[in-house]
Amino acid sequence: MKTNADQEERLKEKDQTISDLRATVEELRNTVTDLRSTIANLNETLNELKRKFFGTSSEKVKKERPVDLSEQDTEPEETVVVKEHTRTRKKKSVRDDLYALLPIRDIKCDVPESERFCPDCDAPMEHLGYKTVREELRITPAKVERVRYLQETLVCPACREEDDTTIRAAKTPTALLPHSPASPDMVAMVMYQKSCLYLPFYRQEKDWFQKGVPLPRETAAHWYNYCALEYFAPIYEALHQELLGREVIHADEVPCQVLHEEGKEATSKSYMWIYLSGSDGLPGIVLYDYRPGRGGENPIEFLSGFKGLLHCDGYSAYGRIEDVVLVCCLAHCRRKFYEAVPAGRRKKLKLLDINSEEELKEPSSGMSDDNGLLPAEKGVAFCNRLFFLERCYKELPAEERKQKRQEKEPQIWNEFWSWLGTLNPTGGSKLEKAVNYAFNHKETLMNYLLDGRCEISNNAAERRAKSYATARKNFLFHDTVDGANASAIVMSLIETAKANNLNIYQYLYTLLLYMPDYKNEPAGIKQLMPWSEFIKENCSGITDTEKILSENRGDLPI
């Protein structure tokens, strides 16, 4: 007969078994939850990889194709009310506006002599006038010619009679490269095609051959590198010092590859850093800086002496720079939420930008209470609302812009942070990464509110990074470090010329025309800066290399 002790022992064993089973069930449930989370994250990653490989990577809202306005008449601006927002239509352009900078040549089509008699009475007919029938554009293809400089020499006949010889030779233009047929206009064209039209040297070689010039790609590369490092470097350094004196700067970096670099494999990754001036009302400056790595010492060295507001992304290297206030980019934050939106719903999202040509409807308020949106979509909606307000303020003076921001935007940020605190995203998911990114950069994301000259995004630097990435897609890599540095200098001058509304080719040509004689003269370099009156006078409008030639260029006005 079983005793009470045995029964108690058996009950304890059952309780222990039940407890172990419950623990096992709980562990299995946690395992299932973790596996489901892992599967969801893997599917999310797989879908993102599919999108990157096979889909579009742009966040830009698709716009309708523009209508050709060249045939249409000028009309006054009109305001059309569409549903809940107002859109102002631009004036339609006419040919006189579109082609205002082009020279005009009239071709008169006269009646033949045999037909200048009246068909009724056979009397000679008189000239009544001309009428415009049609208009067309005509281009003269590039033509290369050999230019030989013939130096005149003078001799004194009186001295000759006294068995003495006095000879005087005329001054000739300084050669761009010693013992080379390179000219300012030809080297400027090589640079323009390589770094503005993104035409690699091997393609240029074929094009020059069609013009009757056997220009090997090695020779073109030598011209490019030598002139950039010898003549453009002083201009670049002057721009660098000017940029360090500004109070608002944008920065970014983009990968590149250099085949022959000491201590590095040909397949290793290097970086082209980008620095540019902000919305401070001063002439624009855009500089590229080649570096072999992505460490924080690179921006620290380049920005040595700068004290101000630095726009950047969330890369930690910028946080190592002393005496600067970081202004983190909201577009990067929004991109994290955008990538967390399922692909099927992502197509319906509209991403606003302060530079959008099309005026879009103002986003609705109270995004955190909208149950029809997923959490990631709400994150995008918060950012969109801030971008919409910034678009409304972008034309205002800095102080007024700061005041307008303080009236509405802080309360949106407060609602955004409060809403983020309520989220509990799945571990390892894209939504968790977006939430963590936002909280990690909470202070720097809002620093643009400190100064009306600041921007809410770092898109200005992103656009310059895209310019280099487009060029890199064509030439693929730099052969040497000198080639990478030369490309950085030439692209800096090209982008700076764009920022100052200069004719890019004309500016490169003018620099090559004068710098051989003025590269060591600070006053001459000052006159060749992109905002000088001399440069604005000679490098605005259409390309005209015959306006100033090597033989008649004269001296700089210093």
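Between which two helices does the loop holding Asn500 lie? In this predicted model, Asn500 sits in the loop that links helix H15 (481-499) to helix H16 (504-518).

- Leaving out residues up to four places away in sequence, Asn500 touches Pro283, Gly284, Pro530 and Trp531.

**Tyr505 in helix H16**
- Tyr505, which belongs to helix H16, is likewise buried, with a relative accessibility of 8%.
- Beyond residues up to four places away in sequence, Tyr505 touches Asp185, Ala188, Met189, Tyr192, Thr543 and Thr545.
- Val190 is 315 residues from Tyr505 in sequence, yet their C-alpha atoms are 9.9 Å apart in space.

**Nonpolar cores**
- The largest nonpolar core has 68 residues, of which Met191, Phe232, Ile235, Leu303, Leu310, Leu512 and Leu528 touch the most other members, and helix H6 (residues 217-244) gives the most to this core, with 13 residues.
- Another core, of 40 residues, lies apart from the largest one and includes Cys333, Leu351, Leu389 and Cys454.
- When neighbours within four places in sequence are set aside, Leu303 is in contact with Leu244, Ile249, Tyr275, Leu310 and Ile321.

**Helix H10**
- Helix H10 (residues 375-393) reaches 28 Å from its first C-alpha to its last, which is close to the 27 Å expected at 1.5 Å a residue for its 19 residues.
- Helix H10 is largely enclosed by the rest of the structure, because 16 of its 19 residues are buried.

Terms used. Residues are numbered from 1 along each chain as its sequence is written. This is a predicted model: local features need pLDDT of at least 70, side-chain atom pairs count only at pLDDT 80 or more; totals for chains, interfaces and linings use all residues. Side-chain values use heavy atoms; hydrogens and water are left out. A nonpolar core is a set of buried Ala, Val, Leu, Ile, Met, Phe, Trp, Tyr and Cys residues joined through side-chain atoms within 4.5 Å. Buried means under 20% relative accessible area, exposed over 50%, partly exposed in between (1.4 Å probe, protein chains only). Helices (H or I, at least four residues) and strands (E, at least two) are DSSP runs, numbered from the N terminus. Contact means heavy atoms within 4.5 Å. The expected span of a helix is 1.5 Å times one less than its number of residues.
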